[in-house]
Amino acid sequence: MTMPTVRVQSQDFDLSAESRALTEGRADIGAVVSFVGLCRDEAGTLSALELEHYPGMAEAEIRRIGEMAIDRFNLIGLTAIHRFGRIAPGEQIVLVIATAPHRQAAFDGASFMMDYLKNSAPFWKKEHRKDGTAGDWVSAKDADDRARDKWR
């Protein structure tokens, strides 16, 4: 069985290098779908987003979700990288790359991965505002729950 590549790290990632690592020397891949999530500035009010995680548990949960995606969509490869620490607007937060024989499986696998990752992986986000006021912990959104639940 194909195993997902999962990393939780503070340092940035390189989309091209990660994609190359999944595809180099492979002739059985017909589609590569990637998603990169960026930190928004929230209409100019945010100076940074601080992400905390539960070490060990975050990786295990992302791996579990990745294994479900691989099995469900017959993916050839899957990479999921999630950053933690202080991330400024415009910086990368999360990367998902799915490879499959055909495009729809790659699209669905990447979408499934993000919809579950957003809700199920143990990460906490705190906003830091430009005006120096205390930021809020970001709550889960109903829309994120609905996105995940559509796969059930």
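**Fold and aromatic cluster of the protein chain**

Of the 152 residues of the protein chain, 43% count as buried, a value that, like those that follow, comes from a predicted model. The accessible surface amounts to about 8,200 Å², and 49% of that area belongs to carbon and sulfur atoms.

The chain holds four helices and seven strands, which follow one another along the sequence in the pattern β-α-β-β-α-β-β-β-α-β-α. Its C-alpha trace spans about 50 × 35 × 30 Å along the principal axes, and its radius of gyration of 16 Å agrees with the value near 15 Å that a compact globule of 152 residues would have. Among the contacts with a separation of 6 or more, 78% are between residues 24 or more positions apart. As for charge, the mean positions of the 20 positive and 23 negative charges lie 2 Å apart.

A search of the whole structure finds four aromatic pairs. One of them joins Phe73 and Trp151 edge-to-face, with 5.6 Å centre to centre and 80° between the planes; because Phe73 lies in helix H2 (residues 57-73) and Trp151 in the segment after helix H4 (142-149), this pair ties together parts that are 78 residues apart in sequence. Phe73 counts as buried, at 12% relative accessibility, and Trp151 is buried with a relative accessible area of 12%.

Trp151 also forms an edge-to-face pair with Phe112, at 5.6 Å centre to centre and 75° between the planes, which links helix H3 (residues 103-120), where Phe112 lies, to the segment after H4, the two residues being 39 apart. Phe112 is buried at 2% relative accessibility. Together with Tyr116, the residues Phe73, Phe112 and Trp151 are linked by ring pairs into a cluster.

Definitions and conventions: Residues numbered from 1 in each chain as written. Predicted model: local features only at pLDDT ≥ 70, side-chain atom pairs only at ≥ 80, totals over all residues. Heavy atoms only, no water. Rg over C-alpha atoms; globule rule 2.2 N^0.38 Å. Buried < 20%, exposed > 50% of the residue type's maximum accessible area, 1.4 Å probe, protein only. Contact = heavy atoms within 4.5 Å. Areas by Shrake-Rupley, 256 points an atom, 1.4 Å probe, with all protein chains shown as cover. Lys, Arg positive; Asp, Glu negative; His and termini not counted. Charge placed at Lys NZ, Arg CZ, Asp CG, Glu CD. Phe/Tyr/Trp six-rings, centres within 6.5 Å; stacked < 30°, edge-to-face > 60°.
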